Amino acid sequence: MSIIIQDNVFTLQTKNSTYQMKADSKGILLHTYYGKKTDASDYSYLVSMADRGFSGNIYEAREDRTYSLDFLPQEFPVCGSGDYRVDCLHADLGQGVSDCLMFFDSYQVSKGKYALEGLPAMFAKDGQKVDTLEIVLKDSQEELYLHLWYGVFEAYDIITRAVMIENRTDREVRLHKALSACLDMDHDGMDLIHFYGRHAGEREMERVPLFHGITELRSTRGTSSHQHNPFVILAAQNTTEDSGECYGFSLLYSGGFHMQAEVDQFHQTRLVMGIDDCDFTWSLQPGEKFVTPEVAMGYSSTGLAKLSHCYHDSFQHHLIRSSWKDKRRPILVNNWEATYFDFDVDKLLKIAREAADLELDMLVLDDGWFGKRDNDDSGLGDWFVNEDKLGCTLGALADQVNDLGLMFGLWFEPEMISEDSDLYRKHPDWAMVVPGRNPIRGRSQLVLDMTREDVLDYIKERLFAIMDSANIQYIKWDMNRSVAAAYSTLLPRERQGELRHRYVLGLYHVMEALLMRYPDLLLEGCSGGGGRFDAGMLYYAPQIWCSDNTDAVERLHIQYGTSFGYPMSSVSAHVSVCPNHQNGRVTPFQTRGICAMQGTFGYEMDLSKLTLEEKAQAKEQIRTFKKRYRLFQFGDYYRITSPLENRDFTAWEYADKEGKEAYMGVVFTDLHGNPAAHSVKFRGLRPEGIYKMWKDNELTGEYTGAALMNGGILLPVPKENYDSCQIYISCQSIVEDVVRE
Ligand code: DGJ
């Protein structure tokens, strides 16, 4: 069992980490250890107590002035307890102030993994050891209960957490903040690694030392957002890709979030994470429960690459549940950058014929096929095929695409409504607009009230009708603005603070219904590219359009940042034309292919306009992706260089889990006269293996794994701007004593 309980000490063991809590003599649930695997000793001896000025003492401590929650490491700190640090819960029990104090009540251990109703959550699978611990806390005076849930994914060094708040009092409890997790650590000097960005420039990695005070990241946009990602890492200052301690926190939630990291007056570090509490309130009536989203915590004592592998593998096996997750993802061509809104059946079939000739797998029809939609000012909500524009029915188009040997996929933006739409003319109150006030528009569109059952019913009815009208195997689910000045006509005034979370629950409800009805549908997440690239979305969509920026060089940054917390098979990436539509940059066709193969591969261009040379290169790219997809989809991903540090080139590697083969992609990002030589080292190989190496498909020699990992290889000298190369190695034999020799 990965959960050991002795004298109210709760020790959670994974393969390489230990997490411990203790209900102390007062009944406060202390956090006593998280780090490198150790035994189940009671680590509360490390907690120091002292009479500290201006740190209040809870009444239950009686005369003991050394007992204060203001400095004790706690599992779930709440507001009203005399702890002035950032906390997880603000609950008004009826007096108009956030005031509660939670004490240990009971616990329960069970096999398998808890589930969260209506919310994404990691799950157990047959044959994989996962255990659940529930610890129940109760308010000192009232029947308010917290159920702290822990899921221990032993093999992956992942521990999940979520909280259920239960009101067993006879009156309303108002929640003003209800986060999912807290981690208290006794050390300072930690770096925060986080991923900030903007539309078309998501998940830029930044590493900053924490300071005395609060560092906070949040999205108030109703989505996880382009601007900040709900995945962060705390790392010791000396932690590198290959060494040192680091802790990951991934929130499985697609709405606004809040992360606070505080270094306190005694140099202790606390991190809290959960639903964004800006304008959040929740009215919890007697007998009701509120469930927070899940946080997946990961730990590595051997650097950032290992931490990423924990997330990649556990998400691949225990979060992504699509029937596509273990299959090779279709190589698709999407018509967005090829035609934008200007298409008909002939144009689409022309692209499809080229795609079939290149042996792609799917044609995706993007925005503009429904209602009145020739630009982005109108039509959203009118999910009826515009057959006049298309020139045929959707079913006929899909059939013709299928006849070419391709699957057919379709774009939707179900959560939106255009003011210029039949839907809006009929149901203006379905848009989330404050009555009597002008709306805040984004991309000329309004957001549908996803808290309303009639709205959800309409969306489902339209999605299902379109799905049933044609052979559709893929849906790209887009969302092209942030939520602002939101209001629901059906919620009373005092419940408007529930709107944003209810919106996300509505979104998950529709996605769940869609997948239940069409279990083999491949769903691709999208929000103006990567505005909703979060672990919650992966529960529904095994791949997410990573960014609207298709420039290969900017993608090096975006995909580098994304790789820290998300499996590369979830990173949707396409080859597009040059000059690039977002930034005008020109890069070689081969480089665009190599960058797109870093993730789930496809094209976003009019394939009929390819030159003969490009066509030959595309054929080669498609062959390579098909041949190597197992490595790309299931191998260990290594960030060989950082685009933030190395200005000359960026390299990454996929190594098969047994170290039998590996692939390295390299893109040169600068050119020099009389250039210095560059070398790179492989990772994850068998030192005693003898590997054959191919550079850009040319056999270049044989090396031992030890040589490739310790000595490395020389890179070719780039011949043009943004030149690139691919290196593939395959183990031919094992020579046991090669390292000694
Ligand atoms: C934003 C997406 O990220 C694009 O790929 C494209 O689908 C457009 N929306 C269509 O409006």
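Trainee: Why are α10 and α11 called roughly parallel to each other?

Mentor: In this predicted model, the axes of helix α10 (residues 552–563) and helix α11 (residues 589–596) cross at roughly 20°. Angles under 35 degrees count as roughly parallel, and α10 and α11 are therefore roughly parallel to each other. Their axes come within 9 Å, and the crossing is left-handed.

Trainee: Which residues of α10 and α11 meet?

Mentor: Ala-552, Leu-556 and Gln-559 in α10 meet Thr-591, Arg-592 and Cys-595 in α11. The residues of this contact divide into 3 nonpolar, 2 polar and 1 charged.

Trainee: What makes α11 roughly parallel to α12?

Mentor: The angle again. α11 packs against helix α12 (residues 612–634) at about 20°, with the axes 10 Å apart. The cut-off is under 35 degrees, which makes α11 roughly parallel to α12.

Trainee: Is the crossing of α11 and α12 left-handed or right-handed?

Mentor: The crossing of α11 and α12 is right-handed, whereas that of α10 and α11 is left-handed. On the α11 side, Phe-589, Gln-590, Arg-592 and Gly-593 take part, and they meet Glu-614, Gln-617, Ala-618 and Gln-621 in α12. That contact is made up of 2 nonpolar, 4 polar and 2 charged residues.

Trainee: How do you know that α7 and α8 are roughly parallel?

Mentor: Helix α7 (residues 453–469) and helix α8 (residues 499–517) have axes that cross at roughly 30° and come within 10 Å. Under 35 degrees counts as roughly parallel, so α7 and α8 are roughly parallel to each other. Their crossing is right-handed.

Trainee: What kinds of residues make up the contact of α7 with α8?

Mentor: There are 8 nonpolar, 2 polar and 3 charged residues. Among those in α7 are Leu-456, Ile-459 and Phe-464, and the α8 side includes His-509, Val-510 and Arg-517.

Trainee: Now the ligand. How many residues surround the ligand, and which are the closest?

Mentor: The ligand is surrounded by 13 residues, the closest being Asp-366, Asp-367, Lys-476, Asp-478 and Asp-548.

Key. Residues numbered from 1 in each chain as written. Predicted model: local features only at pLDDT ≥ 70, side-chain atom pairs only at ≥ 80, totals over all residues. Heavy atoms only, no water. Axes fitted to C-alpha atoms, helices over the stretch in contact; angles between N-to-C directions. Helix = DSSP H or I, 4+ residues; strand = E, 2+ residues; numbered from the N terminus. Parallel < 35°, antiparallel > 145°, perpendicular 65-115°, else oblique. Left-handed = near helix turned anticlockwise from the far one by under 90°. Contact = heavy atoms within 4.5 Å. Nonpolar A, V, L, I, M, F, W, Y, C, P; charged D, E, K, R; others polar. Near = heavy atom within 4 Å.
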